Amino acid sequence: MGLTMPTGWRYGSPGAMPIFAVNAFNTLIHTIAAQSESSWTIFELFKAKFTGGSSWSSSESWAISDLHTAMVRAGDNAPVFISAFWDGCAQVQAK
């Protein structure tokens, strides 16, 4: 279940996510991944939420780097960033 937000926020950013907040969310994802049987799978799951894609990185270390890059780019629109994080958490919980 996604977050409800004004439609305009998806297509026109009301503001960016500060980089320190992006990094804090990245740390949260690492904490979630550390509790999983496959941290690589968790990194890929969240990366897909932030990019809207489904291609896997060639290694776990690249997945970590690619995830952070995707998060920084998604941070240009804070509400969409939060929605991607929320969707990732919901998918992790469902599994």
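A crossing of two helices is called left-handed if the near helix is turned anticlockwise from the far one by less than a right angle, and right-handed if it is turned clockwise. The model examined here is predicted, so that local features need pLDDT of at least 70 and side-chain atom pairs count only at pLDDT 80 or more, whereas totals for chains, interfaces and linings use all residues. Residues are numbered from 1 along each chain as its sequence is written, and side-chain values use heavy atoms, with hydrogens and water left out.

The crossing of H3 and H4 is left-handed. Helix H3 (residues 39–51) and helix H4 (residues 60–74) pack at an angle of about 25°, their axes lying 9 Å apart, which makes H3 roughly parallel to H4, a description applied to angles under 35 degrees. The contact (heavy atoms within 4.5 Å) involves residues including Trp40, Phe43 and Phe46 of H3 and Ile64, Leu67 and Met71 of H4.

Helix H2 (residues 19–34) packs against H3 at an angle of about 140°, with the axes 8 Å apart, and the crossing of this pair is right-handed. Ile29, His30, Ile32 and Ala33 of H2 meet Ser39, Ile42, Phe43, Phe46 and Phe50 of H3.

Serine 59 is found in the loop between H3 and H4 and is partly exposed, with a relative accessible area of 22%, where partly exposed covers values between buried (under 20%) and exposed (over 50%), for a 1.4 Å probe and protein chains only. Although serine 59 and tryptophan 40 are 19 residues apart in sequence, their C-alpha atoms are 8.0 Å apart in space.

Note on methods
Axes are lines fitted to C-alpha atoms, for helices over the stretch in contact, and angles run from 0 to 180 degrees between N-to-C directions. Helices (H or I, at least four residues) and strands (E, at least two) are DSSP runs, numbered from the N terminus. Angles under 35 degrees count as roughly parallel, over 145 as roughly antiparallel, 65 to 115 as roughly perpendicular and the rest as oblique.
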